[in-house]
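My entries follow the model.

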Amino acid sequence: MGLLTAVLALPLVGALAIGWARSREQVRAVALAASIATFAVALVVLARFQSGEPGFQLEEQVPWVPAWGVSYHLGIDGISLFLVLLTTFLTPLVLLESWEHSDRPKSYFAAFLVLETCVLGVFLSLDLLLFYVFWDLLLVPMYLIIGIWGYERRRYASIKFFLYTFLGGLLMLVGIVVVWAQTGGTSFDYTDVLGLRLDPALQGWLFAAFSISFLVKVPLFPVHTWLPDAHTEAPTGGSVMLAGVLLKLGGYGLLRFSLPLFPDAARKAVPWLFALSIVGIIYGALVAMMQRDLKRLVAYSSVSHMGFVVLGIFALNEEAVAGGVVQMLNHGLSTGALFFLVGMLYHRRHTRQIAAFGGLARSTPVYAGLFLVVALSSLALPGLNGFVGEFPILLGTFAVSRWAAALAAVGMVLAALYLLWAYQRVFHGPLRGADNEHTPDLRAREVGVLAPIVALIVAIGVFPQ
């Protein structure tokens with residue numbers, strides 16, 4: 001078994017092993033052990049990865065359906081490497097945060113491990129059909145996580161999430177079949193289709209089929225409306241995986257497929273995607289500012305921040321694209337941590353309404369301090385990881401379009417407004433009410449969940465190399 005197959009299989013093995021666990025303690029121990037083992041193997045992959053080498057590394061390929069040219073083909077490069085590390089890093093933290101979950105724990109923890117396998121399959125697959133299989137399979141565990149363990153409107157949110165992303169995926173499937181037909185019906189392999197010379201008109205249609213699916217997953221305005229509902233109704237772990245990992249699948253798809261397979265169509269689409277990205281950045285920030293629900297505020301902030309990622313990708317120069325890749329990693333850390341923090345507050349107070357709080361910094365100083373660091377990271381304060389991603393995006397975009405860069409910079413200003421205003425209302429001012437006065441601070445396990453993320457937030461900001 002190769003390293004990449006081990007990374008892919010370990011969470012699934014853990015999910016199966018949970019079936020033999022006899023107690024909640026055993027369920028938790030098996031799930032956490034499987035996720036930590038997966039992260040450990042991912043670190044071995046990082047150690048063996050040769051930085052600066054072109055192409056894919058640690059490849060594994062076995063024929064699957066030879067008659068159709070389908071193979072089990074895995075590989076990793078500089079784009080997918082850190083997204084794999086992000087996925088395997090966040091999953092143990094999600095399971096640790098859910099340590100006290102008591103409603104059907106076997107199914108709950110197994111669903112997250114299956115989700116991890118599916119996400120890793122998307123990042124590692126170098127066969128288009130294998131990629132699509134993992135792309136669609138991940139909808140099932142995420143649908144169950146939202147629909148079974150979510151909040152009041154969980155069924156509506158889970159169905160909306162499934163329909164948006166499944167229908168987008170069907171467009172991509174049509175595009176994959178057309179690309180396969182262009183090879184003479186001989187191969188779904190990424191390295192084979194990469195060299196195809198396609199008619200410009202066909203490129204346009206295929207670019208649209210692939211990119212719409214990816215933009216729904218990002219999500220980019222105006223196909224973003226599933227996201228706030230899914231985030232708001234999902235349990236804390238579901239929100240973290242959704243923001244930290246699943247949204248990155250869209251950006252990854254654009255970089256891996258839309259740009260290299262259909263370069264002429266991608267260049268023609270730049271003005272349109274610039275416009276949609278800027279609208280998403282500003283719209284997401286303005287709507288976030290108006291939210292009364294703290295979790296919904298963070299959800300709309302994702303719409304704004306992921307707009308920066310799409311903007312960087314379609315600036316089509318080294319600085320902006322590199323910034324877009326780094327920003328995907330940064331957003332996974334910062335927004336994932338914000339959802340952890342909001343969930344921890346909800347478990348204490350059973351409300352997310354900003355108006356219900358005030359002066360919490362006095363009763364929960366550790367919680368308030370960690371929340372501030374993460375919020376400053378999200379608004380791209382220099383010295384923290386958010387700045388390392390967004391500043392190169394603006395630099396690269398400025399070289400292409402000064403107006404686009406200037407308008408995108410407005411989103412950074414608005415991010416400071418909605419995050420700091422929310423922080424002020426929740427943590428400062430007079431300590432109002434007995435509930436706020438007696439809100440307990442973070443426990444050791446919760447600090448243990450947040451500390452590794454905060455350490456990376458600072459480390460990436462200080463030493464981005």
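This is a predicted model: local features need pLDDT of at least 70, side-chain atom pairs count only at pLDDT 80 or more; totals for chains, interfaces and linings use all residues.

Entry: helix packing. I looked up helix H14 (residues 318-349) and helix H17 (residues 385-400), whose axes come within 7 Å and cross at roughly 155°. Since angles over 145 degrees count as roughly antiparallel, I recorded H14 as roughly antiparallel to H17. The crossing of the two helices is left-handed. H14 contributes residues including Gly-323, Gly-324, Gln-327 and Asn-330 to the contact, and H17 contributes, among them, Gly-386, Gly-389, Pro-392 and Gly-396. I noted that the residues of this contact divide into six nonpolar, ten polar and two charged.

Entry: Gly-386. I then turned to Gly-386, which is placed in helix H17. Gly-386 has a relative accessible area of 4% and is therefore buried. Beyond its neighbours within four places in sequence, Gly-386 contacts Gln-327, Asn-330, Ser-377 and Ala-380. I found its C-alpha atom separated by 9.7 Å from that of His-305, 81 residues apart along the chain.

Entry: aromatic pairs. Phe-56 and Tyr-190 are edge-to-face, at 5.9 Å centre to centre with 85° between the planes. Phe-56 lies in the loop between helix H2 (24-48) and strand S1 (57-65) and Tyr-190 in helix H8 (residues 190-193), so this pair ties together parts 134 residues apart in sequence. Phe-56 and Tyr-190 are both buried. I also listed one aromatic cluster, whose members include Phe-56, Trp-135, Tyr-190 and Phe-262.

Notes. Residues are numbered from 1 along each chain as its sequence is written. Side-chain values use heavy atoms; hydrogens and water are left out. Axes are lines fitted to C-alpha atoms, for helices over the stretch in contact, and angles run from 0 to 180 degrees between N-to-C directions. Helices (H or I, at least four residues) and strands (E, at least two) are DSSP runs, numbered from the N terminus. Angles under 35 degrees count as roughly parallel, over 145 as roughly antiparallel, 65 to 115 as roughly perpendicular and the rest as oblique. A crossing is left-handed if the near helix is turned anticlockwise from the far one by less than a right angle, and right-handed if clockwise. Contact means heavy atoms within 4.5 Å. Ala, Val, Leu, Ile, Met, Phe, Trp, Tyr, Cys and Pro count as nonpolar, Asp, Glu, Lys and Arg as charged, and the others, Gly among them, as polar. Buried means under 20% relative accessible area, exposed over 50%, partly exposed in between (1.4 Å probe, protein chains only). Rings of Phe, Tyr and Trp (its six-membered ring) pair if their centres lie within 6.5 Å; planes under 30 degrees apart count as stacked, over 60 as edge-to-face and the rest as tilted.
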